[in-house]
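Let's work through a few exercises together. Have a look at the sequence and the structure, then try each task before reading its solution.

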Amino acid sequence: MKRQVLCVLTAAMLTAAMSLTGCGSGTQSEGTDAGQSGEAAASAGTGEQDREIKTPREPGNEEETMTSDQKTKDSAILVVSFGTSYNDSRDITIGAVEKAVAEAYPQYEVRRAFTAQTIIDILKKREGLEIDNMTQALDRAAADGIKKLIVQPTHLMDGFEYHDMVTELEEYSDLFDQIAVGKPLLSDEEDFKAVVRAITDGAGSSDQEDTAMVFMGHGTEAESNRVYKKLQNTLAEEGFDNYFIGTVEAEPDLDDVAAALREKGVYKKVVLRPLMLVAGDHANNDMAGDEEDSWKTVLGAEGYEVECVLQGLGELKSIQDLYVDHVQAAIESLEQP
């Protein structure tokens, strides 16, 4: 018999930690809403293959504070990302978040899953690198005797991709004694303030009045696209008037950003950065590419000096720490009566 599934929401109806106990069977989620983790299309990349977090995770060469024998054998943390085929960015963004989680919770085995099947297939064909999708990761965890599963998505928001993940977890809930789901990056008021601090510190906030800092997000048709406007408002409230946020596939778009820059009328230089976990296809092509419709080209044609910084959010330690905090909240949710 399927037991009760409990989902806890914030006052703003943004998803907080969710605890599951119960029953079901899984279906595959292919991860088509790239706005949650920052990569929309698979594209060739170069760099080292993933070493530290494997599927399932095995101890790497890095020093660990706890041996595999000392880990809780029936508990695991599954870090779920959309994925990217850009190896260099993957290692220092998704890989960095996974490593931060592993270091914070050495008693847990940390595992990886991607939701973009296209990216999974490309990595397997191109490099022989095998990464589990959600169905495979959950099947593997159940087969390995995992009873307590903490699932931490690297999604930026509670959009389509996030809800697909939660739905699949509900269908698998009979195979685990406990499942706790961590919040997406931007969920409550404190998250927005923390992300503002992270991106402004990480961007080395320019105090030059003629320089605009522009962040490119993905965007989504889901209601959660509102997080971009909220983040823009939070930036303004914190006094960062020279920061602007746009999206590739939703609103505000590049036209909106360009109009806002013109309205200010003081900028000579624009610094472009991705508001995505990884600096993948969108960052390298839609933002920093040489095509006539790239953000770099369009804003350059408007007369601005344009600088592109290909740094995914996952590279920032403060962002990694925020995901770790969300894991902690998910673990604590299991301990609540």
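Predicted model: local features only at pLDDT ≥ 70, side-chain atom pairs only at ≥ 80, totals over all residues.

Residues are numbered from 1 along each chain as its sequence is written, and side-chain values use heavy atoms, leaving out hydrogens and water.

**Exercise 1.** Work out what the protein chain holds in helices, strands and buried residues.

Solution. Start with secondary structure: there are eleven helices and ten strands. Those are DSSP runs numbered from the N terminus, helices being H or I with at least four residues and strands E with at least two. Next, of the 337 residues, 54% are buried (under 20% relative accessible area, 1.4 Å probe, protein chains only).

**Exercise 2.** Find the strand order of the open four-stranded sheet.

Solution. Step one: the order reads β8-β7-β9-β10, with parallel pairing (two strands pair if DSSP finds at least two bridges between them). Step two: β8 (243-247) and β10 (305-308) are the edges, each pairing on one side only. Step three: zoom in on β7 (residues 211-217), which five bridges join to β8. Gly217, for instance, has Thr247 in β8 as its bridge partner.

**Exercise 3.** Which helix packs on this sheet, and at what angle to β8?

Solution. Look for α8 (residues 254-264), which touches β7, β8 and β9 (269-274); contact means heavy atoms within 4.5 Å. Then compare directions: α8 makes about 160° with β8. Axes here are lines fitted to C-alpha atoms, for helices over the stretch in contact, and angles run from 0 to 180 degrees between N-to-C directions.

Technical notes
Buried < 20%, exposed > 50% of the residue type's maximum accessible area, 1.4 Å probe, protein only.
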